[in-house]
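Subject: Structure handover

Hello,

Here is the structure I promised. Please look it over, then read my notes below.

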Amino acid sequence: MKKYIYIMMTLVLSVVIWAGCKKITVGFLSDSVFYVGSPFQVEKGKNGFLTSELKGDGSTVPLTIKLLQIKKKGTEQRADELYQNQNVYVYKTAFDPEVHTTLELLNSIRELKSKPIFEFLPSGQFLFTSGTNVIPTGSEYTFDIEVSNESGAKTFKNIGELDFVESQPYSINRNSATYLQDGGATFEPLPPVEITITRTSGQGTNVTVKYVDEDGVPFNPKAGELIVRGDRPTLDSYAKFNPVIKTDTEMSLNFEVIPFPYKQITGYGSFDIFYRIPSNYVKVTNPKAIYPPNTKFNINPAIGFQIKQEGTYLVQVKIKGIKRI
């Protein structure tokens, strides 16, 4: 019996000694961490573009994620163009178009700074600024990261891909027009307005709007051929920082803040812009037969658009079914 007890005590002691010598594994770090959505289609010029976060595949949290390098796809060459700085506006407080209505007030809450094109967040996400405008369309990159936690660190090469693509820098929200007899009350429809938006430069925050007849002949805003319609919104209703500059053929505005319009006006959900072309400057080419010959009509185009990226834009509004006189 004593011999049996002695053997058992020896075994227990051996187990204790073995357990004390064996290294205890702390935490878990997967070999299969991953990104959802890679390759990422990075929209050029879009401020605040954000990729998805790294998925830990059951790894013990917290994870520390370090960006090692961004490379040109298919090579080990560092993508130096992604590490350059670009001038972008940094806002000290949130912009409110109802409060910051002058250029002085706007500039009091923002500052032009030289900043990197991207920020790599603790979550493993890339946050891009509008500085991506300078990256050529079609550029493709891969990147390497290091992931660590309480159990150690691992390197993951080519874990994700960044592909730079053109994004739609604007949207067209409304394109209608009507004609109205002088002194009348019945609005008659014209064909849908043809709106063409051309981004002539990736720099600036400027828009030029040109209204033309069905033959492409421009109306003259400077001479009063485009007038406001009561209290309905016009181009400058959406950005009051700078005056609208009117010429013989167009109207131009530096709107300062992207997107433009930044915010809808209550009751006008398509970023609506209204003007009227007085009857002494225009004629309807094919009015309804109920109107006597030589009846004079006012023309009422109603358009809506939103510019979503920095740049210089030309917006041409072709009103069909009318001719300038």
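A pocket here is an open set of points on a 1 Å grid over the protein atoms alone, with protein on both sides within 12 Å along at least five of seven lines; a 1.4 Å probe fits at its points, and lining residues have an atom within 4 Å of a point. By that rule, 18 residues line the second largest pocket, with Pro-97, Glu-98, Ser-237, Tyr-238 and Lys-240 nearest its centre.

This is a predicted model: local features need pLDDT of at least 70, side-chain atom pairs need 80 or more, and totals for chains, interfaces and linings use all residues. Residues are numbered from 1 along each chain as its sequence is written, and side-chain values use heavy atoms, without hydrogens or water.

The largest pocket has a volume of about 930 Å³ (the space filled by probe spheres set on the points, which are joined across faces, edges and corners). Its lining has 39 residues, and Asn-47, Val-88, Tyr-89, Ser-130 and Glu-310 are the closest to its centre. β6 gives the most to this lining, six residues (strands are DSSP runs of E, at least two residues, numbered from the N terminus). The second largest pocket has a volume of about 310 Å³.

Now the sheet. Five strands form an open sheet in the order β14-β21-β15-β17-β16, with mixed pairing (two strands pair if DSSP finds at least two bridges between them). β14 (194-201) and β16 (245-246) are at the edges with a single partner strand each, so one side of each has no neighbour in the sheet. β14 pairs with β21 (residues 311-318) in the antiparallel sense, over seven bridges. Thr-196 has Gln-316 in β21 as its bridge partner.

Best wishes

Methods. Helices (H or I, at least four residues) and strands (E, at least two) are DSSP runs, numbered from the N terminus.
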